[in-house]
Amino acid sequence: MTSHSISGAQTCSALPLEGKVALVTGASRGIGRAIALRLAREGADVIVNYLTRAGAAREVVTAIRDSGRRATSFRADVGEYGSVVRMIEEALRHFGHVDVLVNNALSYRAGKIHKIVPGDWEVVVRTGLIGAYYCSRLVIPGMLDQGWGRIVNIGSFVGLRGWPGDTAYASAKAGIIGFTKALALEVAGRGITVNAVVPGFVKTDMTAGLSQKSLESMMERIPMGRPGHAEEIAEVVCFLASRGTYITGAAYAVDGGIGI
């Protein structure tokens, strides 16, 4: 393995993320899992964050280690600042640095505005938006010191278009876009890029519970006529982390055209 480059200069490695450490929040399943595995394929060592699915997180760690990369899992509620502090401290003890941060975690709750209880509304925004602030706040000092870093925030087409019953989710995901652009401006001259990837309807275990009627209705809205796959989201995240050297403050729609 090549040594960690403080300047962020390209190495001779065939793997663009060789020697880099990535933290992916909400990485035990779905899009987060696909992102963690894809970053490892590009050479990154990976910290797999999870909240409730310890067994699934261990499976991701095992898959990454089997590929020849280092990996560990860490349970943390990204919406709780102290929990994030402990996770970042442990990551730094274990790996020494965090070079790539993917803010993907969100605890999902839904309900019409007059029915969703305040606590549920708040937990969505706290995990999906404030959690991205907590994680970014704690990894950016190290990125500034080394003059290299990549932050990729996971948005949603719902944050741009809205969706009935999803005011909390839409608010969190719309906030992620503004957060991405503002943070990108703060650190653009310091070797750190900050971008967002905005998925459309993606086939995951979270969306597997939809009725056939709801699924057919969704497919009618997607110009490409099919759901996205988690690996397709991961591919764009990986590009921004490993090759998007002159891209910052951007929001990449990976949505089959539903956002047009």
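**View 1. Helix H1, end to end: its twelve residues should span 16 Å at 1.5 Å a residue, and the end C-alpha atoms sit 17 Å apart, which agrees.** The expected span is 1.5 Å times one less than the number of residues in the helix. Everything here comes from a predicted model, where local features need pLDDT of at least 70, side-chain atom pairs count only at pLDDT 80 or more, and totals for chains, interfaces and linings use all residues. Numbering starts from 1 along each chain as its sequence is written, and side-chain values use heavy atoms, with hydrogens and water left out. Helices (H or I, at least four residues) and strands (E, at least two) are DSSP runs, numbered from the N terminus. The buried part of H1 is made up of Ile-31, Gly-32, Ala-34, Ile-35, Ala-36, Arg-38, Leu-39 and Ala-40. Buried means under 20% relative accessible area, exposed over 50%, and partly exposed in between (1.4 Å probe, protein chains only). After H1 comes Gly-43, with a positive phi near 105 degrees.

View 2. Helix H8 has 13 residues, and its first and last C-alpha atoms are 18 Å apart, close to the 18 Å expected at 1.5 Å a residue. H8 buries Ala-230, Ile-233, Ala-234, Val-236, Val-237, Cys-238, Leu-240, Ala-241 and Ser-242. Axes are lines fitted to C-alpha atoms, for helices over the stretch in contact, and angles run from 0 to 180 degrees between N-to-C directions. Contact means heavy atoms within 4.5 Å.

**View 3. The largest nonpolar core, 35 residues in total.** A nonpolar core is a set of buried Ala, Val, Leu, Ile, Met, Phe, Trp, Tyr and Cys residues joined through side-chain atoms within 4.5 Å. Elements that give it two or more residues include strand E1 (21-24), helix H1 (30-41), helix H2 (54-66), strand E5 (149-154) and helix H8 (230-242). H8 gives the most, with eight residues. Zoom in on Ile-35 and you'll find it touching Val-24, Val-102, Ile-154, Ala-234 and Val-237, not counting residues up to four places away in sequence. Apart from this core lies another one, of 27 residues, among them Met-87, Ile-88, Ile-176 and Phe-179.

View 4. H4 (residues 118-146) and H6 have axes that come within 8 Å and cross at roughly 15 degrees. That makes H4 roughly parallel to H6. Their crossing is right-handed. Among the residues making this contact are Trp-121, Leu-129, Tyr-133 and Leu-144 of H4, plus Tyr-169, Ile-176, Phe-179 and Val-187 of H6. Helix H3 (residues 81-95) packs on H4 too, at an angle of about 35 degrees and with the axes 10 Å apart. H3 also passes H4 in a right-handed crossing. Here Tyr-81, Val-84, Val-85, Met-87 and Ile-88 of H3 meet Tyr-134, Cys-135, Arg-137, Leu-138 and Val-139 of H4.

**View 5. Two residues of H6, Ile-177 and Ala-184.** Ile-177 is buried, with a relative accessible area of 13%. Leaving out residues up to four places away in sequence, Ile-177 touches Leu-160, Ala-196, Val-198 and Ala-251. Its C-alpha is 9.0 Å from that of Ile-154, 23 residues away in sequence. Ala-184 counts as buried at 3% relative accessibility. Beyond its neighbours within four places in sequence, Ala-184 is in contact with Val-194, Thr-248 and Gly-249.

**View 6. Gly-225, in the loop between helix H7 (212-221) and strand E8 (228-229).** Gly-225 counts as partly exposed, at 45% relative accessibility. From its C-alpha to that of Val-61, 164 residues apart along the chain, the separation is 34 Å.

Conventions: Angles under 35 degrees count as roughly parallel, over 145 as roughly antiparallel, 65 to 115 as roughly perpendicular and the rest as oblique. A crossing is left-handed if the near helix is turned anticlockwise from the far one by less than a right angle, and right-handed if clockwise.
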